[in-house]
Amino acid sequence: MYRAVTRGIQITVTPQFIPERSSPEERRYFWAYRIEILNLSADRVQLRTRYWHITDEVGQVQEVRGAGVVGEQPVLEPGGAFEYTSGCPLSTPTGIMVGHYVMVTDRNESFQAEIPAFSLDSPHARRTVN
C-alpha cells in the first residue's frame, strides 16, 4: 500500500499482479491497482483530470492523460471518498507508476493531488542482491 496527502486529499494505492491476464512467454504482464481518494479537507472538490507517468524496467516511459477516472469526474464532499480499480499492462516483469489528479474546489481553485509512486512487481522479475 502506498499513500500521499496533498492539501487534505489522501490518495492510497494498492497494486496487485494479475497472473491470469499475464503471459511471460509473450512478454505480457498485467497489474490491477485499487485507488482510494479520501477528502480530509474542509473543501468540496472535484477530480477533473488524471496524469500517469509509467516506466518499465528498461526505462521505457508511457504518459497517460485524460478526463476523470474510469469515466467519472467524482465530487468529494469533506470527509467523502471515492474508490476505483484500473489496470496497467507492461512488456517487462517490473515497472513503476506515479502521477497526479487535477482537483478543483468550489471556489474554482485547482491543484494537483499527488499520486504516490508505486512499484509494479511480478514474480517473474529478476532479483539481484547488492
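Q: Why does arginine 34 count as partly exposed?
A: Its relative accessibility is 34%. Buried means under 20% relative accessible area and exposed over 50%, with partly exposed in between (1.4 Å probe, protein chains only), so arginine 34 counts as partly exposed. Bear in mind that this is a predicted model, where local features need pLDDT of at least 70, side-chain atom pairs count only at pLDDT 80 or more, and totals for chains, interfaces and linings use all residues. Residues are numbered from 1 along each chain as its sequence is written, and side-chain values use heavy atoms, with hydrogens and water left out.

Q: What makes glutamate 83 and arginine 34 a salt bridge?
A: Their closest N and O atoms are 3.5 Å apart. The term asks for a side-chain nitrogen of Lys or Arg within 4 Å of a carboxyl oxygen of Asp or Glu, so the pair of glutamate 83 and arginine 34 qualifies.

Q: Why is threonine 105 called buried?
A: Threonine 105 has a relative accessible area of 6%, and the cut-off is under 20%, so buried it is.

Q: Why is arginine 65 called exposed?
A: Arginine 65 comes in at 59% relative accessible area.
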